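User: I have a model open and want to go through it with you. Can we start with burial and then move to the contacts between chains?
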2 protein chains.
Amino acid sequence: MGATGLVGTEMLSVLEERGFPVEELRAFASPRSLGRRLPFAGGEVVCEVLADGCFDGLDLVIVDVDESISEEWAPKAAAAGAIVIDKSSAFRMDPDVPLVVAEVNPDDMRSLPRNIASCPNCTTMVLLVALAPLHRAAGLDRVVVSTYQAASGAGQPGIDELENLWTKLNGESRRLRRAALHPDLLALGDVWPKPIAGNVIPLAGSVKEQGYTSEEWKLVYETRKILHDDAIRVSATCVRVPVFVGHSMSVNLEFRRPMDKAEAVELLQAAPGLTLVDHGDGAPTALEGAGVDPVLVGRVRDDPSLPGAINLWVTGDNLRKGAALNGVQMAEVLLQQR
Amino acid sequence: MGATGLVGTEMLSVLEERGFPVEELRAFASPRSLGRRLPFAGGEVVCEVLADGCFDGLDLVIVDVDESISEEWAPKAAAAGAIVIDKSSAFRMDPDVPLVVAEVNPDDMRSLPRNIASCPNCTTMVLLVALAPLHRAAGLDRVVVSTYQAASGAGQPGIDELENLWTKLNGESRRLRRAALHPDLLALGDVWPKPIAGNVIPLAGSVKEQGYTSEEWKLVYETRKILHDDAIRVSATCVRVPVFVGHSMSVNLEFRRPMDKAEAVELLQAAPGLTLVDHGDGAPTALEGAGVDPVLVGRVRDDPSLPGAINLWVTGDNLRKGAALNGVQMAEVLLQQR
């Protein structure tokens with residue numbers, strides 16, 4: 001479901017790349033994509049629309065559509081006998097639906113009371129790959145995280161807006177140095193109320209309780225659910241940056257017993273799903289993580305302001321590990337468990 | 001000194017805009033700019049080079065050159081009878097040189113044992129305008145800051161590199177989505193080892209003690225010196241973003257007695273040199289602060305992970321308040337004090 005979207009397209013690539021054992025693949029999309037042909041495994045699949053009975057005969061339905069559509073259709077897929085892997089936020093906090101990062105809590109998929117398993121938010125997903133091994137060793141007490149999130153986090157419209165403004169503003173770069181004096185420049189933007197090219201927008205998601213955004217609260221609650229630990233305290237600031245693909249995070253971590261850089265490095269080197277970048281300056285950029293599976297972790301440092309705490313930098317492809325890849329990995333976990 | 005640089009040019013504009021009482025203005029630059037004419041106050045000044053006796057007859061010398069040149073020439077200017085306002089890092093930590101943010105600690109300029117006063121690093125400067133009023137009220141205990149620093153922090157070469165790559169990568173935006181698979185893209189960059197356009201580089205400055213960069217340590221030590229309080233603990237991660245002008249920061253603050261959002265808002269509304277942005281979404285972008293004097297502060301929130309702590313967002317023009325404007329303001333303070 002959602003086969004023609006940014007994540008849906010990536011999903012088809014990842015299924016193919018990993019040789020996921022597909023007997024029959026069916027692609028569901030919105031009515032405007034009805035009949036569109038999508039390349040898959042050397043052939044093509046033709047897009048269908050959602051309709052009563054459309055899930056009959058399917059073992060697995062992977063969903064990447066808006067929350068409201070998932071709320072309606074994911075339970076129908078489950079009722080039709082499929083297991084649903086849902087990328088939307090619709091069921092993430094449902095106590096009867098596990099919220100799974102494949103490398104972190106795959107065993108949670110053994111219990112599926114609603115036949116639905118949820119995939120975390122892309123930012124939480126990338127972060128948790130790095131936090132889980134540290135949490136297991138020393139118990140996370142407090143996380144202060146500031147994000148640098150890519151435009152593709154807002155889907156194809158986000159990509160398009162960055163691309164359009166990138167081109168448009170190129171000729172205006174002298175004015176960008178004094179942008180506040182050019183109100184016409186500041187009014188550009190459709191997906192975002194301010195220009196995303198050449199700028200940093202310190203608000204991702206919609207504003208909710210206490211002035212924190214939906215993205216920021218997801219980092220709080222999803223982290224606790226995935227790590228099975230409601231005592232973890234999280235403080236998040238989610239910021240949009242003019243990057244096409246790749247969510248990055250600057251993270252300060254406090255633990256229940258002291259952690260240091262040497263131990264953190266050792267734990268991260270042994271952890272699945274990530275690459276610790278300690279060559280050169282040990283500072284993986286967003287572009288270096290865009291297009292590959294592992295989350296990149298770098299700049300591991302003892303915190304000079306608090307003994308036993310550490311700082312680190314995490315970056316990962318929000319469309320792959322942050323979405324499509326984790327969905328396919330969850331399906332692989334299901335196959336292994338059965 | 002350094003009249004033709006990015007900050008030097010801004011300095012001439014700011015002196016003119018603010019009607020600073022200049023009887024005679026002389027511009028010093030490197031030999032390759034000898035004889036170059038710079039517009040100033042309706043006329044022109046002709047660039048001179050540094051030479052013995054060049055400072056004779058000057059009351060005030062404002063310096064924006066590399067540390068090593070300042071180390072050599074600033075004391076010569078002081079010996080020639082001028083007061084020196086130095087933008088470089090050469091004398092910032094000298095106990096006989098005050099380190100001044102004009103709105104924060106102007107009284108420190110009353111004692112100038114070396115006839116030199118230093119201007120803080122551009123990042124520290126922007127941050128301190130926002131931190132000072134909060135510190136005075138409740139005593140800063142710990143600061144965790146992640147930065148989003150503009151390319152112009154690396155001077156004209158930084159601007160040029162962002163501009164060049166911006167143009168070059170425009171046609172490659174499809175490849176930027178999978179940049180890790182295109183090593184040629186990742187090798188672009190001269191000022192920075194990785195592309196600055198369409199990317200986030202989690203390392204600003206050069207790596208020093210404990211894996212922290214020169215920029216990060218400046219935030220630690222300059223904050224303490226400006227606020228006269230060595231007990232303030234600071235943990236910083238400095239990151240470069242593809243913005244032309246405007247350094248932004250996501251800041252988590254702990255105090256010696258509890259602070260809350262309401263009090264912070266009240267203190268910030270009354271503070272000099274900043275504008276609290278609480279209209280609309282209260283999320284000032286980097287572009288909105290580029291070209292204007294005040295530092296913009298927004299997203300003031302109680303920290304859900306720690307009662308009494310707060311999160312906020314700060315952005316400011318690194319060439320104006322971060323450099324040229326503060327230098328001129330320091331000169332204005334001198335005039336008032338005499």
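Analyst: A term before we start: a residue counts as buried when its relative accessible area is under 20%. Keep in mind that this is a predicted model.

User: Fine. Is B:Ala309 buried or exposed?
Analyst: B:Ala309 has a relative accessible area of 2%, which is under the 20% limit, so B:Ala309 is buried.

User: Where is B:Ala309 in the fold?
Analyst: B:Ala309 lies in the loop of chain B between strand 11 (295-302) and strand 12 (310-316).

User: And which residues does B:Ala309 touch?
Analyst: Leaving out residues up to four places away in sequence, B:Ala309 touches B:Leu253, B:Glu254, B:Met259, B:Arg301, B:Asp302 and B:Asp303.

User: B:Arg301 is on that list. Which salt bridge does B:Arg301 form with A:Glu216? I mean, what is the N and O distance?
Analyst: The closest N and O atoms of A:Glu216 and B:Arg301 are 3.6 Å apart. The pair crosses between chains, with A:Glu216 in helix 7 of chain A and B:Arg301 in strand 11 of chain B.

User: Buried or exposed, those two?
Analyst: A:Glu216 is buried at 1% relative accessibility, and B:Arg301 is buried with a relative accessible area of 1%.

User: How many salt bridges are there between chain B and chain A?
Analyst: There are 12 between chain B and chain A. One of the pairs crossing between the chains is A:Arg299 with B:Glu216, where the closest N and O atoms are 2.5 Å apart. Over all chains, the whole structure has 50 salt bridges.

User: What about the interface overall, how much area is buried?
Analyst: Chain B and chain A bury about 6,300 Å² between them, 55% of it on carbon and sulfur atoms. B:Trp166, B:Arg177 and B:Leu287 supply 13% of the area that chain B buries against chain A, more than any other three residues.

User: And how many residues are in contact?
Analyst: 76 residues of chain B contact 75 residues of chain A. There are also 55 residue pairs in polar contact between the chains, both residues at pLDDT 80 or more. Helix 4 (residues 155-170) of chain B gives the largest share of the side of chain B that touches chain A, seven residues. That side divides into 38 nonpolar, 20 polar and 18 charged residues.

User: Last topic, symmetry. What rotation superposes chain B on chain A?
Analyst: A rotation of 180 degrees, with 0.0 Å of shift along its axis and an RMSD of 0.0 Å. That is the relation of a two-fold axis. Of the interface residues of chain B, 99% are also interface residues in chain A, so the copies meet through the same surface.

Conventions:
Residues are numbered from 1 along each chain as its sequence is written. Chains are lettered from A and ligands numbered from 1 in the order in which they are written. This is a predicted model: local features need pLDDT of at least 70, side-chain atom pairs count only at pLDDT 80 or more; totals for chains, interfaces and linings use all residues. Side-chain values use heavy atoms; hydrogens and water are left out. Copies are superposed by least squares on the C-alpha atoms of residues with pLDDT of at least 70 in both. Contact means heavy atoms within 4.5 Å. Helices (H or I, at least four residues) and strands (E, at least two) are DSSP runs, numbered from the N terminus. Buried means under 20% relative accessible area, exposed over 50%, partly exposed in between (1.4 Å probe, protein chains only). Buried area is the accessible area (1.4 Å probe) that two parts lose on being put together, summed over both. A salt bridge is a side-chain nitrogen of Lys or Arg within 4 Å of a carboxyl oxygen of Asp or Glu. A polar contact is a pair of N or O atoms within 3.5 Å; within protein, one must be able to donate a hydrogen and the other to accept it, and residues adjacent in sequence count only if both atoms are side-chain atoms. Ala, Val, Leu, Ile, Met, Phe, Trp, Tyr, Cys and Pro count as nonpolar, Asp, Glu, Lys and Arg as charged, and the others, Gly among them, as polar.
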